[in-house]
Amino acid sequence: MAKLQIEQLGAQTYYIPAPTNIGIFVENGKALLIDSGNDKEAGRQINKLLNERGWELSMIINTHSNADHIGGNQFLQRKIGCPIAATEKERCFIEHPEQEAAMLYGGFPHKGISNKFLCAKPSSVDRIIPFQQQLIADTPLTAVPLPGHFLAMIGIMTPDKVFFTADALFSREIIEKYHFFYLHDIAAQLRTLDSLEKTGKNQHMERFIPSHGQPQQEIGELIRINRNAIETTIETILSLVSLTPQGKTLEELYGHLCRRFSISMNHNQYVLVKSCIRSYISYLVNEGALEIDYDDAYALRLTSRKPD
């Protein structure tokens, strides 16, 4: 892992640029950490950086429970004894990370996906953050619900007008490389994109920090890029299913989409992309654009919704 360093964003707000960015808010020598990186080594380096500045880690706030956001939790909690705060739905996965791999896979996870990328070390959540926009208890930080990417993800606003947007937005580079950035709830993600820029402007935010990407002074273009990727995926699914009267099985659709967007495959990519495609299918079925049936081979088959 590359050596981490701290960069200042505001009078009391800092961040650690990393594969998954880590936020820090410091008040009276006490540091509130926003996410903890992707593994034990990230936790070790975070602890070293805080000690070098003479800051005491008083709390870890997890925006959500994906492994790359909670990977340093266990090391830091065992080393320092700091409390961890998260929303209730995310708490279950932080304390029992094996549930994420099982949910994504749709069954008991095999050893190929029982790795630190999908399954962090467990840690204990001591404080529950209500899933609504409000100050986080005993801190000057504001939690902002950002549903869509995962179960009950939040963003964090600091008094310095810095908004850590977690995984609500992905960079152009990530979208161009992977296309399928993981989404659990497509409808919720579209609503989050609709509200995100407005929320930032209403709160007079000056800097936006996505978990995967560079700090932004405004996010209108990034919102457009993310929405366009979702709409392109929806249009592609509908087009592929409508090519033949019999539609497509889930496996056929999965293969067509991976080829269309040149997605290279490994164990982690397989479960992430397939789970994400299932979320798109649920969205399109709920919107009345697709129908689900089961063919003679007991395969789930998707067809275009017939006109009433």
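Predicted model: local features only at pLDDT ≥ 70, side-chain atom pairs only at ≥ 80, totals over all residues.

Reader: Fine. How many of the 20 residues of helix 10 are buried?

Author: 14 of them are buried, so helix 10 is largely enclosed by the rest of the structure.

Reader: What span should helix 10 have, and how far apart are its end C-alpha atoms?

Author: Helix 10 covers residues 267-286. At 1.5 Å a residue, its 20 residues should span 28 Å. The end C-alpha atoms are 29 Å apart, which agrees.

Reader: Which residue caps the N-terminal end of helix 10?

Author: Asn-266 does. One of its side-chain oxygens lies 3.1 Å from the backbone nitrogen of Asn-268.

Reader: And what happens just after helix 10?

Author: Gly-288 takes a positive phi there, about 80°.

Reader: Now packing. At what angle do the axes of helix 8 and helix 10 cross?

Author: Roughly 75°, and the axes come within 11 Å. Angles of 65 to 115 degrees count as roughly perpendicular, so helix 8 is roughly perpendicular to helix 10. From helix 8, the contact is made by Ile-230, Thr-233, Ile-234, Ile-237 and Leu-238. Helix 10 contributes Tyr-280, Tyr-283 and Leu-284.

Reader: Staying on helix 8: is Asn-226 buried or exposed?

Author: Asn-226, which is found in helix 8, counts as buried at 0% relative accessibility.

Reader: What is Asn-226 in contact with, leaving aside neighbours within four places in sequence?

Author: Ala-168, Leu-169, Phe-170, Ile-175, Phe-181 and Leu-193.

Reader: Different pair. How do the axes of helix 1 and helix 3 cross?

Author: Helix 1 is residues 40-53 and helix 3 is residues 73-80. Their axes come within 7 Å and cross at roughly 45°. The two helices are therefore oblique to each other. On the helix 1 side, the contact is made by Lys-40, Gly-43, Arg-44, Ile-46 and Asn-47. On the helix 3 side, the residues are Phe-75, Leu-76, Lys-79 and Ile-80.

Reader: Switching to charges. How many salt bridges does a search of the whole structure find?

Author: 13.

Reader: Give me one. What does Arg-91 pair with?

Author: Arg-91 forms a salt bridge with Glu-88, and the closest N and O atoms are 2.8 Å apart. Both residues lie in helix 4, residues 88-95. They are three residues apart, about one turn of the helix. Arg-91 counts as partly exposed, at 22% relative accessibility. Glu-88 is partly exposed too, at 38%.

Reader: Which residues are linked with Arg-91 in a network of salt bridges?

Author: Glu-88 and Glu-95.

Reader: What about Thr-87, where is that found?

Author: Thr-87 is in the loop between strand 6 and helix 4. At 2% relative accessibility, Thr-87 counts as buried. Leaving aside neighbours within four places in sequence, Thr-87 is in contact with Ile-128, Ile-129, Phe-131, Ala-152 and Ile-154.

Reader: Back to salt bridges. What does Asp-138 pair with?

Author: Asp-138 pairs with Arg-127, with the closest N and O atoms 3.4 Å apart. Asp-138 lies in the loop between strand 8 and strand 9, and Arg-127 in strand 7, so the pair ties together parts that are 11 residues apart in sequence. Asp-138 is exposed, at 72% relative accessible area. Arg-127 is partly exposed, at 33%.

Reader: And Glu-291, what is its partner?

Author: Arg-305, again by a salt bridge, with the closest N and O atoms 3.4 Å apart. Glu-291 sits in strand 14 and Arg-305 in the segment after strand 15, so the pair ties together parts that are 14 residues apart in sequence. Glu-291 is partly exposed, with a relative accessible area of 27%. Arg-305 counts as partly exposed at 39%.

Reader: Last one. Is Arg-191 buried or exposed?

Author: Arg-191 is exposed, with a relative accessible area of 53%. Its place is in helix 7, residues 186-202. The C-alpha atoms of Arg-191 and Phe-208 are separated by 18 Å, and the two residues are 17 apart along the chain.

Terms used:
Residues numbered from 1 in each chain as written. Heavy atoms only, no water. Helix = DSSP H or I, 4+ residues; strand = E, 2+ residues; numbered from the N terminus. Expected span 1.5 Å × (residues − 1). Buried < 20%, exposed > 50% of the residue type's maximum accessible area, 1.4 Å probe, protein only. Polar contact = N/O pair within 3.5 Å; in protein donor to acceptor, adjacent residues only side chain to side chain. Salt bridge = Lys/Arg side-chain N within 4 Å of Asp/Glu carboxyl O. Axes fitted to C-alpha atoms, helices over the stretch in contact; angles between N-to-C directions. Parallel < 35°, antiparallel > 145°, perpendicular 65-115°, else oblique. Contact = heavy atoms within 4.5 Å.
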